[in-house]
Structures are given as structure tokens and as C-alpha cells.
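Subject: Structure for your review

Dear colleague,

Please find the structure below, followed by an account of what was found in it. I would be grateful if you would read the two side by side.

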Amino acid sequence: MTNREKHYIRIDSRHDLFDLKLKEVWRYRDLIWLFTKRSFQLSYKQTLLGPLWMFISPIFSSVVYTIVFTDIAKIGTEGVPSILFYMVSNAVWGFFSSSLTGNASTFTANAGIFGKVYFPRLVIPLSNVLSGMIRMGIHFIVTTALLVYFTVQGAVTPHYWAILLIPAVLIWLGIMGMSCGIIISSLTTKYRDLSVFVGFGMSLWMYATPIVYPISQVSLPWLNTLLLINPVTMPVELFRFALLGKGFFHPVSLVISLAFTAFVTFFGIMLFNKVERNFMDTV
Amino acid sequence: MGNKELMIRLRGVKKKYRLGRIGGGTLKADMESRWAALRGKEDPNTIIGEKRKVGDTFMALNGIDLDVYEGEALGIIGRNGAGKSTLLKLLSRVTAPTDGVIEMWGRVTSMLEVGTGFHGEMTGRENIYMNGSILGMTKAEIDAKIEDIIEFSEVRDFIDTPVKRYSSGMFVKLAFSVAAHLDSEIMIMDEVLAVGDVAFQKKCLSKMREAAGTQGRTVLYVSHNMNTIRQLCDRCVVMDEGKIIFDGDVEKAIELYTAVTPQKLPGKYIYDKTYHNDLWKHPDFTIEEMHATDRVNFVFDSGEDILLSLSVSTKQAFNSVKFRFEFSDMSENKLGSMWSHGTLSFEENEHRELNAKISSRLFTPGQYKVDIVAFLTDAFGEDHFLDGVYPGFYLEISEKINDANPFVWHREWWGSLRLQEFEIE
């Protein structure tokens with residue numbers, strides 16, 4: 001009898017907007033992990049270098065950034081060795097950006113599975129964020145090696161106590177990216193226009209975030225304001241503060257970012273759960 | 001046993017789909033709907049009426065009420081587009097109803113497709129974990145059952161090979177095994193048994209029967225294969241136009257679904273091109289017409305002789321011609337055939353009426369499809385096809401109790417044919 005009641009479900013046409021179904025997601029935590037594992041198992045199948053690519057690509061892009069922005073454009077990096085500066089920037093932005101773009105097509109990309117079997121759809125975005133986090137961790141192995149080297153050299157002085165904040169900042173950034181992503185994916189089940197925008201929207205957003213330049217190099221007042229309200233600015237700067245010892249902090253910006261994250265998370269999950277009920281009819 | 005627990009309850013469940021393309025026009029329609037809702041007016045784009053198709057919307061399900069109990073194996077049959085799959089989708093929670101309430105007291109395993117979430121690059125074992133988790137099992141539960149799953153699937157030797165190297169049969173076996181070993185109270189299946197070899201199909205059916213019978217699970221099964229429905233289900237609903245039009249006994253349901261209505265049991269057939277098999281037909285021998293000799297419909301009581309008259313025309317002479325009647329049930333399963341006794345000879349350019357007499361003693365109440373075939377046996381004893389008509393005619397044996405049909409015949413247990421009595425002392 002208790003078993004019957006435990007598994008009771010009632011499905012009707014109404015939908016409780018404020019039911020985020022997080023408990024159900026927890027019940028499916030093994031599935032989150034399996035999807036994460038699978039994304040790694042599949043990405044480097046039939047490649048020569050395999051998982052080595054996870055190290056090569058961030059190094060390459062950081063080298064390119066160093067050449068373009070430091071050597072050619074002469075943008076300073078506040079005395080931090082520029083290769084290290086860009087390794088950290090790349091890792092942070094890469095994580096945020098993959099959390100967002102990787103989830104912006106959750107519904108359309110998984111229509112095959114979603115159309116055949118029920119599981120809490122939130123499992124997929126969560127596993128995407130988790131694999132992004134692991135990728136970032138791998139990326140950080142190289143970064144840490146550089147960091148240790150430059151610290152010993154005396155070129156940087158990390159704020160060791162602040163490093164303890166990094167996991168929290170990561171979760172904050174990941175959830176923000178995921179929530180933006182699932183909002184986009186919820187909206188694109190019906191009108192696909194938005195998914196076209198995501199690609200260049202993300203690169204615009206990157207330049208509006210202190211990724212390829214430190215905030216101290218900005219002298220345009222309007223850009224300063226933009227950086228202040230950009231919710232990604234604070235997490236990025238906190239990272240730099242902890243690891244590189246140089247970072248910008250502004251309480252207003254922090255409040256904006258946290259409020260923005262809370263809002264998109266709540267709204268995103270709400271919208272996602274609403275769309276998941278019927279999206280198979282329109283996708 | 002006694003009073004069984006209710007497992008699934010549906011009340012007034014409706015599902016509306018929008019017809020035509022989505023985009024362009026729908027944004028405008030959405031705006032209209034929103035605007036109407038804001039002003040508290042009736043939405044111009046949602047008119048849920050009694051009719052199934054209203055404007056550019058379509059009622060895939062139009063008011064379903066259904067109760068399913070613990071331990072029941074319920075078959076769902078109906079023509080394509082009757083709403084069967086939509087019903088399963090709602091129960092699997094792939095999509096939500098437009099109206100009405102669905103209540104379930106148990107976990108649901110749905111197999112709307114074989115091997116959901118399987119990935120070709122991953123091994124059989126990895127896919128078991130993936131598929132099992134998608135279907136709602138935890139890792140610990142799969143760990144406990146993986147040996148049983150592998151054993152049942154009969155693919156143990158390949159379990160650590162990527163499934164892209166599997167044959168389609170192996171793939172299906174593995175996928176079914178995972179679903180069959182789930183600890184759910186409700187199993188929903190959509191014709192997944194259609195694949196795999198016969199022996200494995202049998203194994204699946206008995207596994208599912210066991211699930212319903214001994215484990216008291218509830219099985220919902222949609223199929224166009226009446227035989228699997230017969231073997232598995234103890235109750236059956238027939239769906240038509242988004243509604244349930246029959247709910248009850250399996251044989252009655254199948255009969256209703258496959259039955260030809262009396263108007264379609266004519267007593268006379270004129271065989272045009274559509275009846276003949278052009279590929280095999282001898283050009284000079286044609287079965288042209290057929291009619292029942294003593295009635296207007298092919299409806300007979302058990303034991304009555306079926307008298308029919310068959311017109312045949314020839315363009316050349318034929319010797320040693322025989323006829324064969326092939327009997328099928330309405331789900332197109334061949335039941336048996338009878339041969340004409342003796343042979344006939346035809347002359348050149350002949351047009352002849354033949355009279356045949358068939359004893360209906362063998363046939364139990366119900367409907368049959370009968371194909372008529374003419375063939376010739378040559379001097380070497382080899383048979384040559386001359387002409388055949390498909391179907392030759394439909395036949396109904398009434399349920400009247402008489403000497404030849406002394407008691408109610410249970411097809412589901414005894415089959416369609418009543419064989420000769422035997423001696424016992």
C-alpha cells in the first residue's frame with residue numbers, strides 16, 4: 001500500500017509552475033553521471049590523440065591569444081605573464097560558454113530520446129554542465145603547472161585563501177550558463193530563430209566580458225558600465241583574484257550577478273519544465 | 001487474488017494536435033490566443049468540440065476513460081491513426097494531455113522503441129547501464145540484475161563489443177532484456193516484439209505473461225499482430241477515432257477489429273483484375289464469378305453445407321484441373337486448405353459453371369477469408385498454377401447452437417477449427 005502511494009503520479013493538463021521537480025532529478029543522479037561519462041567516451045573515439053586533445057586545444061588558443069592581444073595589440077595583462085592570463089581566461093570563459101551553448105539545443109538535439117521515454121529532462125543540461133566542469137578541470141592541470149612555475153618565479157602571487165572560493169564560483173558560473181542555455185532551448189522548440197543568434201551572440205558577450213583584456217585597461221565609460229552590469233564579470237574577476245592575485249571587485253556588480261543568476265535559474269527551470277510537457281508536439 | 005488494486009485510471013483524457021506546419025502562422029495564432037486570454041475571451045484557436053477535426057487542430061484522443069488493474073495484461077488494438085500510440089505517449093509521460101486526468105499508482109517502464117539511448121560506439125554492457133538508467137533504474141539496481149539481463153539476452157559472448165557490430169536481432173534482444181528486468185509496476189509496450197527471431201519472441205511473450213501473471217505487474221501492449229495479443233493479453237480494448245469503442249474479452253475485441261460487416265459479406269463476387277494474381281496466372285484460364293447458390297450472404301450455421309457456383313472460362317483445353325480452397329482467419333493467418341476430389345477437363349473457349357459443396361462442420365463460429373485457386377497436375381505429377389482469386393470470398397459461421405455446434409466454442413483456447421471427434425473407450 002505504501003509502495004502504491006510512493007509511486008503515485010497524477011498527470012493532467014494543468015501544470016504547477018513552481019514545482020521545479022528537483023527531487024525527481026536527484027533520483028536520476030546516476031543517469032546524470034552516465035550521460036557525462038558518455039560524452040567523454042564518445043568525443044575522442046576514432047581520434048589519434050584521444051584525450052590529449054583536451055590539453056592541446058586550450059594551450060593552442062591561449063598561445064594565439066597571447067600573440068594577437070599581447071604581441072600585436074599590445075594589451076597589457078597587469079604584469080601577469082600573458083600566457084597564464086589567457087589560460088585562466090580561456091578556462092573560465094570556455095566553461096561558461098559551453099554550459100550555455102551546450103544546453104541551448106537540449107530539446108531539439110535530444111528529441112529522439114525525449115520522444116520515447118520519460119526522465120526528468122533537466123538531467124541532460126546538468127550532465128552537460130558537469131562534463132564542462134570536468135573538461136575545465138583537465139584544462140586546469142596545465143594551468144596549475146604554469147601557475148606553480150610562475151609563482152616560484154615570483155611573477156604572480158595568488159591569494160591562497162580565495163582559492164577555496166573557486167568551487168562555489170564554478171557552480172555559480174555553471175548554473176548561470178546552464179540556465180541561460182535552457183531558456184534558449186525552451187524558446188527554440190517553437191521558433192528556431194534564437195539558436196542562430198546564439199553563435200555570434202556568445203562571441204559578442206565574450207568581448208563584453210573582461211576575458212581577453214583586464215578590466216584596468218578599459219577607459220571607455222560606457223564599456224565600464226557594461227562590464228559592471230555584465231553578470232559574468234564578477235565570477236571571472238574572482239577567479240583572477242584568487243589565482244593571479246590581480247582582480248577587480250565591485251559590490252554592485254556582485255549583487256547584479258547573483259541576482260541575475262538566481263532569476264535565470266528559477267525562471268529557466270520553470271520554463272524548461274513547462275516546455276518539457278508538450279514540446280514533442282512541436283519540435 | 002480477490003479484489004485487485006487499481007493501477008491506472010484515465011478520465012476524460014483528450015489530446016489535441018495542431019495540423020499543418022508550425023511557424024509563421026502559429027506565431028500569429030499564439031498572439032491571438034494570448035490577446036484573447038488577456039481580455040478573458042474565448043480562445044479563437046482552441047475549439048475543442050465533439051468533432052475530431054476542428055479547423056487546423058486534430059483530436060488524437062477524444063475523451064478516454066479507462067481503468068486498468070494490477071496483474072492485467074491489456075491489449076490495445078485499432079487501425080492506424082486510431083490514437084493508440086498517442087495514448088501510450090501520454091502514459092509514458094512523453095507528452096501531456098490537453099484535457100482530462102491520468103492517475104497511476106506505480107513506476108512506469110515504457111518501451112515505445114527498442115533500445116532508447118543505445119549508442120553504437122558503446123559496448124553492450126555500457127548500453128545496459130545507459131538504457132537501464134534512462135528507463136529509471138539506479139546503478140545499484142542494474143548491478144544487481146546485470147547477470148540476469150545478459151543471460152536473458154543471449155548475447156553474453158558479445159557483451160563487451162560495441163553494439164554497432166551487433167546484428168539487428170542481437171540489438172533487440174539486448175534492449176528487450178533490459179526493459180524486461182526493470183522493477184516497475186507498469187509496463188507499456190508498443191509492438192516491440194515485432195523483431196527478433198521466433199524463439200526469442202516466444203521467450204519475451206512468456207516473460208511478459210509471467211510479469212503480469214505471477215509478479216502482478218500491469219502490462220499495456222499495443223500491436224497489430226493479433227496472435228501476440230491473443231497469447232499475451234487477458235483483456236483488450238479497441239480504439240477508433242480517438243475513442244475506446246470496445247473494452248473486454250480479447251477474442252470479441254479481435255473479432256470486432258477484424259470483422260467484415262454484413263454488407264461486406266456479399267453472396268456474389270465478380271472477379272475483376274484486383275482479385276487475380278497477374279504474375280502467376282495462366283492467360284487462358286480465368287475464374288470469373290462466384291455466387292452462393294442458396295442465399296444472398298455468405299452466412300451459414302455450423303454444419304450447413306456451403307453451396308456455391310463458380311464460373312470459369314478457358315481459351316484452350318485443359319485436363320486434370322483441380323481446385324483448392326484456402327481458409328484464413330480475419331487476421332490473415334492461414335488455417336487450412338481443402339482440395340477438390342477428382343479432376344475436371346475443359347475444352348477450348350469454354351465457359352462453364354461449376355457447383356461446389358463444402359461442409360462447414362469443421363468451422364467454428366466466426367468469420368473466415370477463403371481464397372480459391374485452380375491448378376493443373378501434369379503427366380509427371382507436377383502441379384501448375386492456373387488462376388487464383390484473393391480473396392475468393394468471406395464466410396461467416398453463425399453462433400447458433402445446433403447438432404454441429406453443440407456448445408459455445410472458445411477460440412482463444414481451442415483454435416478456429418473443430419477437428420473430427422475421436423474414439424475413446
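**Where the two chains meet**

Strand S1 of chain A (residues 8–12) is joined to S5(B) by five bridges, and the two strands run antiparallel. Within this pairing, A:Ile11 has B:Ile102 of S5(B) as its bridge partner. Strands are said to pair if DSSP finds at least two bridges between them. Helices (H or I, at least four residues) and strands (E, at least two) are DSSP runs, numbered from the N terminus.

The model is predicted: local features need pLDDT of at least 70, side-chain atom pairs count only at pLDDT 80 or more, and totals for chains, interfaces and linings use all residues. Residues are numbered from 1 along each chain as its sequence is written, while chains are lettered from A and ligands numbered from 1 in the order in which they are written.

The contact between the chains takes 37 residues from chain B and 28 residues from chain A; two residues are in contact if their C-beta atoms, placed from the backbone, lie within 7 Å. On the side of chain B that touches chain A, strand S5 (99–105) and helix H3 (124–134) of chain B each supply at least two residues. S5(B) gives the most to that side, with seven residues. By class, the side of chain B that touches chain A has 16 nonpolar, 12 polar and nine charged residues. Here Ala, Val, Leu, Ile, Met, Phe, Trp, Tyr, Cys and Pro count as nonpolar, Asp, Glu, Lys and Arg as charged, and the others, Gly among them, as polar.

**Confidence**

The predictor gives the complex an ipTM of 0.80 and a pTM of 0.74. For chain B the mean pLDDT is 84, and 88% of its residues reach 70 or more; pLDDT is the predictor's confidence in each residue, from 0 to 100. Residues 21–25 of chain B have a pLDDT below 50, and this stretch has two contacts in the model beyond near neighbours in sequence. The pLDDT is also below 50 over residues 46–51 of chain B, a stretch with six contacts beyond near neighbours in sequence.

**Domains of chain B**

Chain B is divided into domain 1 (6–258) and domain 2 (263–414), with bounds that come from an automatic or database domain assignment. The contact between them takes eight residues from domain 1 of chain B and six residues from domain 2 of chain B. On the domain 1 side, helix H7 (226–232) and helix H8 (250–258) of chain B are the elements that give two or more residues. H8(B) gives the most to this side, with five residues.

Helix H5 of chain A (residues 82–101) has 20 residues and reaches 27 Å from its first C-alpha to its last, close to the 28 Å expected at 1.5 Å a residue. The expected span is 1.5 Å times one less than the number of residues in the helix. Of the 20 residues of H5(A), 17 are buried. A residue is buried if 20 or more other C-beta atoms lie within 10 Å of its own, exposed if 12 or fewer, and partly exposed in between, with C-beta atoms placed from the backbone.

In chain B, helix H5 (residues 168–180) has 13 residues and reaches 18 Å, close to the 18 Å expected. Because 11 of the 13 residues of H5(B) are buried, this helix is largely enclosed by the rest of the structure. Its buried residues are covered by elements including strand S6 (108–111), H3, helix H4 (139–153) and helix H6 (198–213) of chain B.

**Strands around S20 of chain B**

Strand S19 (residues 366–377) of chain B is joined to S20(B) by 11 bridges, in an antiparallel arrangement. B:Tyr368 stands opposite B:Leu395 in S20(B). Strand S13 (residues 299–300) and strand S20 (residues 383–397) of chain B pair in the parallel sense over two bridges, with B:Glu396 in S20(B) as the bridge partner of B:Val299.

**Backbone features**

Most residues other than glycine have a negative phi, and most peptide bonds are trans. A cis peptide bond joins B:Tyr390 and B:Pro391, with omega about -5 degrees. A:Lys74, although not a glycine, has a positive phi of about 55 degrees; A:Lys74 is exposed, with 7 other C-beta atoms within 10 Å. B:Arg93, also not a glycine, has a positive phi of about 65 degrees, and B:Arg93 lies in the loop between helix H2 (84–91) and S5 of chain B.

Yours sincerely
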